[in-house]
Amino acid sequence: MSRTALRICPLCEATCGLTLTIEGTRVTHARGDRDDVFSKGFICPKGASFGAVDADPDRLRTPLVRRDGELREATWEEAFDAVAAGIRPLVEGYGPNSVGVVLGNPNVHTMAGALYPAVLLAGLGTRSVFTASTVDQMPKHVSSGLLFGDANAIPVPDLDHTDHLLLIGANPLESNGSLCTAPDFPGKLKALKARGGTLVVIDPRRTRTAKLADRHIAVRPGTDALLLAAMAQVLFAEGLTEPTPHVQGVEEVADALAEFTPEAVAAACDVEADVIRTLARELAAAPTAAVYGRIGSCTVPHGTLASWLVDVLNILTGNLDRPGGALFPQAATDRTPRPAGPGRGFALGRWHSRVSRHPEAKGELPLSALAEEIDTATEEGEPVRALLAVAANPVLSAPDGDRLDKALDSLDFMVSVDPYLNETSRHADVVLPPPPPSQSPHHDFAFNTLAVRNQVRYTRPAVPLEPGRMAETEILARLILAVTGMHGADPAAVDQMVIDQTLGKAVEEPHSPVHGRDPRELATLLAGDTGPERRLDMMLRLGPYGDGFGVRPDGLTLEKLLAHPHGIDLGPLRSRLPQPLKTRSGKVELLPQPIADDLPRLKRSLEERPDGLVLVGRRHLRSNNSWMHNVPALTGGSNRCTLHIHPEDAERLGVRDGAPVRVKGAGGEVTAPAEVTDDVRRGVVSLPHGWGHNRPGTRLSHAATDPGVNVNQLLDGRLLDPLSGNAVLNGVPVEVAPETAPGCASVTEKLTALT
């Protein structure tokens, strides 16, 4: 007999509500939850495939432990015994930095990934921390940290109310939105146009989003910061600025950008000066407007400057922190809002990587540096000898996967928390597989801080935990105990420790609703069937909408949230400045020194124009991470690993549609089928990310039938945005030739010029 259950979709950042049909313990169907307060029934192909994702037969069901060189099934006790025996001697013998931690993108899509990694890092005390952020959005974190004093204070466009939306390097009709949590992003863009608003898209590809736009600007890849700087210069030159309140440094920015005129940047951007002026004037003239940049403007040589300039334009036009512009969301699990005033600010480069001396950003080192931190000896510090990879597949997601592949094989010990034996986890000595999503609870801690409407939702597991499985929260709690010298302790102690520490700090804060109360008494008031639920209840009660442990009887608690299974609407985004600011001045610091110091590098780029082809990535609606290629319902059709190339470039190079072509970059060479299309501008080729499922020792049976190629193998990892450490993935020079042609010439000199 079938039944239904609610589940928030964990397969992309849109966080849509789903209604699952369940036969026994198997999910047989998924549709949009029409009563969900946020998504209102919207669903995309990924959500519709929830059952297939959940039931993938290649998902690991028991731990694997390496014995005699082979990974073999083991009990959970044997697995954690092996973890403790493998990691603790290395920490004690070589120090905590000898243990690296890699956190992959799926961590932000699970409760466990949100609640436990910070505890793991604090317990280990390692500075060898690498995450997917430095092949994605780290420039936005850095620019937000420098502007607002908080790397996680990221304003999002008020999609439901804006009159003018400018997207740069973003394709939300394929991605469903990123760093901007918005179910039915396509519907919101269509509603914008229906109410008479304007949509402008700046992208070297004519994406599905660009085809919807009123104006599409096919900018030269990698020149986003130059284009945005010229727009800001026009605003100053023509007296079109009306800056947001609580800002300092406006005049200094005017001086710093004075030389970036439309005429100065036009040739580099391949955008006419008059077009740039029109973009700026239309932005300033709109009743409300928002500029939004994403991965295409982050993963370029000037990613932090481009991210900064997105907010500079919002600020100069008075659109930051006002309805219809770009606003700061307020999540239900945010910390208790503190009074407005100066904060501690944000610092970069508090330590550096051992080999190439890359500065840390937000406590992380560049993922591009992971291989050299393992395989290169220096006089300074120990190399990474052990690795904990939590929901991460850097062999495919980081530059030069071949080198990293070899480096992982040289580690003394490695642990992967992963449901698959993939290109990275195949190197592990212990693999700890979490259960499928239907067997896990869900609350979006990270994405609610980026949501275009304030709301809160929580779903308990749709089906019971399968016998022999272990909850992901317990896996990570036990991992923390095993690597910090407390192996064998009750995993519930981890949650209790966090609760005790959090409540202990809360009662000492004068602005807290529980100031002066007994933390032990407060802990007894927490509801929830599990430690993670008790932590969620604590965060809700201490948060901006919470009951303050009885201080506000109508406030949020876990009990109240459970009584609203479709979620609770907390209202539209609202103006919040200056409260979110944590800068030392207590104001938006419009020209931070690291930004000012990097502007001369941007000016020098005016003379750097590759004369050959450059590479950009692309996204598909049915894909997100590499593991999704193992789900038949999400592959095939237009979701293929092909090289998009413009017809004129194809004709010049002798490339035929469908024929194999060789693509060569500084990191290596790959061969992929050509797809000749004018959806990509001349001089640009495009390969999607996440493919390359042809390495031995993996268990991704469907992905292996059409493995594709790893686009990141074209990169050698040397190209980084210096402020954020983010890998340069777009605008990279490559050479393309039919497979039968002689070898491509070296492009090392061209790549070096970009640095």
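This briefing covers a cavity, a helix and a loop residue. The model is predicted: local features need pLDDT of at least 70, side-chain atom pairs count only at pLDDT 80 or more, and totals for chains, interfaces and linings use all residues. Residues are numbered from 1 along each chain as its sequence is written, and side-chain values use heavy atoms, without hydrogens and water.

- The structure holds 7 cavities of 30 Å³ or more (a cavity is a set of points on a 1 Å grid over the protein atoms alone where a 1.4 Å probe fits but cannot get out).

**Helix H22**
- Helix H22 covers residues 531-542 (helices are DSSP runs of H or I, at least four residues).
- 10 of the 12 residues of H22 are buried, so the helix is largely enclosed by the rest of the structure (buried means under 20% relative accessible area, with a 1.4 Å probe and protein chains only).
- Among the buried residues of H22 are Pro532, Leu536 and Leu542.

**Asp33**
- Asp33 lies in the loop between strand E3 (26-32) and helix H1 (45-48) (strands are DSSP runs of E, at least two residues).
- Asp33 counts as buried, because its relative accessibility is 4%.
- Asp33 and Met539 are 506 residues apart in sequence and 26 Å apart in space, C-alpha to C-alpha.

Terms used
On a 1 Å grid over the protein atoms alone, a cavity is a set of points where a 1.4 Å probe fits but cannot get out, and a pocket is an open set with protein on both sides within 12 Å along at least five of seven lines; lining residues have an atom within 4 Å of a point. Grid points are joined across faces, edges and corners, and a volume is the space filled by probe spheres set on the points. The expected span of a helix is 1.5 Å times one less than its number of residues. Buried means under 20% relative accessible area, exposed over 50%, partly exposed in between (1.4 Å probe, protein chains only).
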